[in-house]
Amino acid sequence: MAKSFADVKKFAEDNNARILDLKFMDFPGMWQHFSTPISTFTEDLLEEGFGFDGSSIRGWQAINESDMLVIPDLSTAVIDPFMKPATLSLICDVYDPLTKQQYSRCPRSIAQKAEAYVRTTGLADVALFGPEAEFFIFDDVRFDQNEHSGYYFLDSVEGCWNSGRDESPNLGYKPRYKEGYFPVPPSDAFHDMRSEMILTMADCGLEVECHHHEVATGGQAEIDLRFGRLVKTADNLLLYKYIVKNTARKYGKTVTFMPKPLFNDNGSGMHVHQSLWREGQPLFAGSGYAGLSEMALFYTGGLLKHARALVALTNPTTNSFKRLVPGYEAPVNLAYSRRNRSAACRIPMYSDSPKSKRIEFRCPDPSCNPYLAFSAMLMAGLDGITNKIHPGEPLDKDIYDLSPEELADVPSTPASLSDALDALEADHEFLLRGDVFTEDVIDTWISYKRENEVDALRLRPHPYEFALYYDV
């Protein structure tokens, strides 16, 4: 909802705000910020912006072109729930100081262009997204990587591996591997913490549908946000992660949205529900399979056709592909189905209401940059509608029980980030329509990921290689 400067100024004064915090999104997907005295919050700031060094932000400007501007979006105003001096927090868009145009590599501007593109197609005027982000709550995390050693160590009071630890006393109630969905306390040790998380979210204007323990041992959790428009939902997801991490820190815990921190148990996904609307009416409800409209089926066809390229943006870490493996509820096979949670695209059947009809894309994980991930999924779906890409026959069998002959006909997600980046390099024209993404954005994303993540990991010995090969 649009807010005027006067409204936000009064909101800050009513809450005795003394600090202005300006947040923006870097290229890979981390919130960045800087703060100033509240006296700098003037109407001139909305016109002139606030300067910063863009060369220090990952994937952005060269040092000889470093000056950038942020201009706050007043509709994002909240009082930061964690800062001691009352702090007005605003999410910003990034601008080039010379052209006064939005910076093409600013993820939020890409999402804004995606929303605008939907309207220009005439197919719909609103795209709604509902992410279900999962995460782990740990008690301790230690890791290091240098020239002569590399390791990580995680611990959780809930971890099944601590069933025999001397805890003076050990009270048990530690969820077994793959059995964390979803016992009551005391096995669910973090119920009160999650409740505080969602109450803090509500205080900040987020609409939460539910929270619960997730499948894995060791404190895996999920909090579901209510669906909303693309840019707003991405804004909300960043605030959600901020609240989750900082609430856990208050309890002396640490949270990670890393997709696969634990070996041999479920990883953390982020299933994304999506639908298109026009003039207040849902467009995905119809008389086809699972109550879908023809448009919804074509949208699904677009997601599946471009899925191998999409995962370079929706599953953008090397660790993402430790989760995208068979046997841990991760949808590695590119098919669609109603109710079947082993399919990449699922049609939830909880309600007969046309307003509830949606497509759930189950591949993404919460390490993604939501502005880029939501925009890419939308562009793939729109390409499916425009080109009438039918998704083929649904797959209602348990995909993991298919015979090798049947499974050979079902395409799968890439096996690594390197493979996903190759797929994106070969298939990204659909992202360029409406100038939503640009060749520069795609090229920069691929080169950044290859150099800083794929190659960086490839060059380092892995601890398990010593177990396999030290005595060769």
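Thr 233 is buried, its relative accessible area being 2%, where buried means under 20% relative accessible area, exposed over 50%, and partly exposed in between, with a 1.4 Å probe and protein chains only. The model is a predicted one, in which local features need pLDDT of at least 70 and side-chain atom pairs count only at pLDDT 80 or more, whereas totals for chains, interfaces and linings use all residues. Residues are numbered from 1 along each chain as its sequence is written, and side-chain values use heavy atoms, with hydrogens and water left out.

Thr 233 belongs to helix α5, residues 230–250; helices here are DSSP runs of H or I with at least four residues, numbered from the N terminus. The side chain of Thr 233 reaches the backbone oxygen of Gly 228 at 2.9 Å. Setting aside neighbours within four places in sequence, Thr 233 is in contact with Phe 129, Pro 131, Phe 227, Gly 228 and Phe 374, contact meaning heavy atoms within 4.5 Å.

Helix α13 (residues 439–458) has 20 residues and reaches 26 Å from its first C-alpha to its last, close to the 28 Å expected at 1.5 Å a residue, the expected span being 1.5 Å times one less than the number of residues. A kink of about 40° is centred on Arg 450 in α13, the bend at a residue being the angle between axes fitted to the seven residues ending there and the seven starting there. The buried residues of α13 include Ile 442, Trp 445 and Lys 449, and what covers the buried residues of this helix includes α3, α7, α9, α11 and α12.

Of these covering elements, α3 (residues 107–121) has 15 residues that should span 21 Å at 1.5 Å a residue, and its end C-alpha atoms are 22 Å apart, which agrees. Among the buried residues of α3 is Ile 110, and Ile 110 is in turn one of the contacts of Phe 437, as is Ile 442.

Phe 437 is among the residues with the most contacts inside the largest nonpolar core, which has 121 residues; such a core is a set of buried Ala, Val, Leu, Ile, Met, Phe, Trp, Tyr and Cys residues joined through side-chain atoms within 4.5 Å.

Conventions
Helices (H or I, at least four residues) and strands (E, at least two) are DSSP runs, numbered from the N terminus. A polar contact is a pair of N or O atoms within 3.5 Å; within protein, one must be able to donate a hydrogen and the other to accept it, and residues adjacent in sequence count only if both atoms are side-chain atoms.
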